[in-house]
Amino acid sequence: MAKIVLLGRYLFAVAVAASGLRQVFSGEFVRLAPGFPGWIPWPAIWARLIGVFMVLIGTAILVGRRKRLAAIVLASLIFLLFLSLQLPLAISNPLVGYRWTNPAKTMALCGGAILLAGIQFDAETGGRPAALRPMGRLVFAGPAFLGIFLFICGFQHFDYADFVDTLVPVWIPPSPRFWTWFAGAALVAGGVGVVLPRTARLAAFLSGLMVFLWVLLLHIPRAIQLKSLFELDGVFEALAISGVALLVAGTRQAAGPPKPPSATEP
């Protein structure tokens, strides 16, 4: 499963760095990072500044240099933006289902960053994943947050089926509605399976594979066809979620419950 962990790390890192570059050049917050509220001055400056941080963090995670520190900084940044921006918006109108999508996505990404921070890589040079660090008690937030996100997205495939139908490529048989319902059921099953120890690894791997296939079959073609930077941001967003799912798949069952540090451990 070590290769799956490395692949998840690479996908996650590329998505973070690429989204950061988008922010640097556009001066706007992209879908991977929650934007600031409108009353905060100089939004373009903040977007570019956070974009620079995202490029540095994604690069550090990708090459394996200061990976743990970069992952902790990213998790902290995402969590602060979640608490200050997205959660209040969702709570202000809690019965509107789609308002919970972005907060759940943000926490899934935060869980992925926490998971990365808890993985011990050989010699910290991008080698094979060796174990979870003692601080790895928090890494189980990764499966929990990912499961919640998948479950919410799956439910919304049924609730907003007419909209999801428009996203399904028409050339894929038998019909867009079939794939809308199929994907919804798969997401709900993946969300439940990820948090159950017996099915966590398989559910996370299949969910990651499914989302990665959406990158190839849905997000990239839409970004090219529509010539839309917003759709390009969706490519990076889905790539990051796929990476988080693969990180969960590669560590969830194999790592087991984290052990307390020994008395001689630094």
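## Overall layout

Along the sequence, the elements of the protein run α-α-α-α-β-β-α-α-α-α-α. That pattern holds nine helices and two strands. The model is predicted.

The protein has 266 residues, and 47% of them count as buried. The protein exposes about 13,500 Å². Carbon and sulfur atoms supply 73% of that area. Now take the contacts between residues at least 6 apart in sequence: 69% of these join residues at least 24 apart.

## Helices H3 and H4

Two packed helices are described by the angle between their axes and the distance between the axes. Start with helix H3 (residues 67-92) and helix H4 (residues 101-117). Their axes are 8 Å apart, and the packing angle is about 160°. An angle over 145 degrees counts as roughly antiparallel, so H3 is roughly antiparallel to H4. The crossing of this pair is left-handed.

Which residues of H3 and H4 meet? On the H3 side they include Lys67, Arg68, Ile72, Phe79, Phe82 and Gln86. On the H4 side they include Asn102, Pro103, Met107, Cys110 and Ile114. By class, the contact of H3 with H4 has 16 nonpolar, three polar and two charged residues.

## Helices H5 and H7

Helix H5 covers residues 141-159, and helix H7 covers residues 176-195. Their axes come within 7 Å and cross at roughly 155°. H5 and H7 are therefore roughly antiparallel to each other. H5 passes H7 in a left-handed crossing.

H5 brings several residues to this contact, among them Pro143, Leu146, Leu150, Phe151, Phe155 and Phe158. H7 answers with residues including Trp181, Ala183, Leu187, Val188, Val192 and Val195. Glycines take part too: Gly147 and Gly154 are among the H5 residues, and Gly184, Gly190 and Gly191 are among those of H7. The contact of H5 with H7 divides into 16 nonpolar, seven polar and no charged residues.

Helix H9 spans residues 229-255 and holds Ser242. Is Ser242 buried or exposed? Ser242 has a relative accessible area of 0%, so it is buried. Leaving aside residues up to four places away in sequence, Ser242 touches Leu11, Gly208, Val211 and Phe212.

Ala245 also lies in helix H9. Its relative accessibility is 3%, so Ala245 counts as buried. With residues up to four places away again left out, Ala245 touches Leu146, Ala204, Ser207 and Gly208. Leu146 is one of the H5 residues that meet H7. Ala245 and Arg201 are 44 residues apart along the chain, yet 9.2 Å separates their C-alpha atoms.

Most residues other than glycine have a negative phi, and most peptide bonds are trans. Two places in this model depart from those rules.

Where is the cis peptide bond? The bond from Pro173 to Pro174 is cis, with omega near 5°. Pro174 sits in the loop between helix H6 (161-165) and H7.

Lys227 has a positive phi, near 50°, and is not a glycine. This lysine, Lys227, is in the loop between helix H8 (200-226) and H9. What is the relative accessible area of Lys227? The value is 74%, so Lys227 is exposed.

Terms used. Residues are numbered from 1 along each chain as its sequence is written. This is a predicted model: local features need pLDDT of at least 70, side-chain atom pairs count only at pLDDT 80 or more; totals for chains, interfaces and linings use all residues. Side-chain values use heavy atoms; hydrogens and water are left out. Axes are lines fitted to C-alpha atoms, for helices over the stretch in contact, and angles run from 0 to 180 degrees between N-to-C directions. Helices (H or I, at least four residues) and strands (E, at least two) are DSSP runs, numbered from the N terminus. Angles under 35 degrees count as roughly parallel, over 145 as roughly antiparallel, 65 to 115 as roughly perpendicular and the rest as oblique. A crossing is left-handed if the near helix is turned anticlockwise from the far one by less than a right angle, and right-handed if clockwise. Contact means heavy atoms within 4.5 Å. Ala, Val, Leu, Ile, Met, Phe, Trp, Tyr, Cys and Pro count as nonpolar, Asp, Glu, Lys and Arg as charged, and the others, Gly among them, as polar. Buried means under 20% relative accessible area, exposed over 50%, partly exposed in between (1.4 Å probe, protein chains only). Accessible areas come from the Shrake-Rupley method with a 1.4 Å probe; for residues, only the protein chains shown count as cover.
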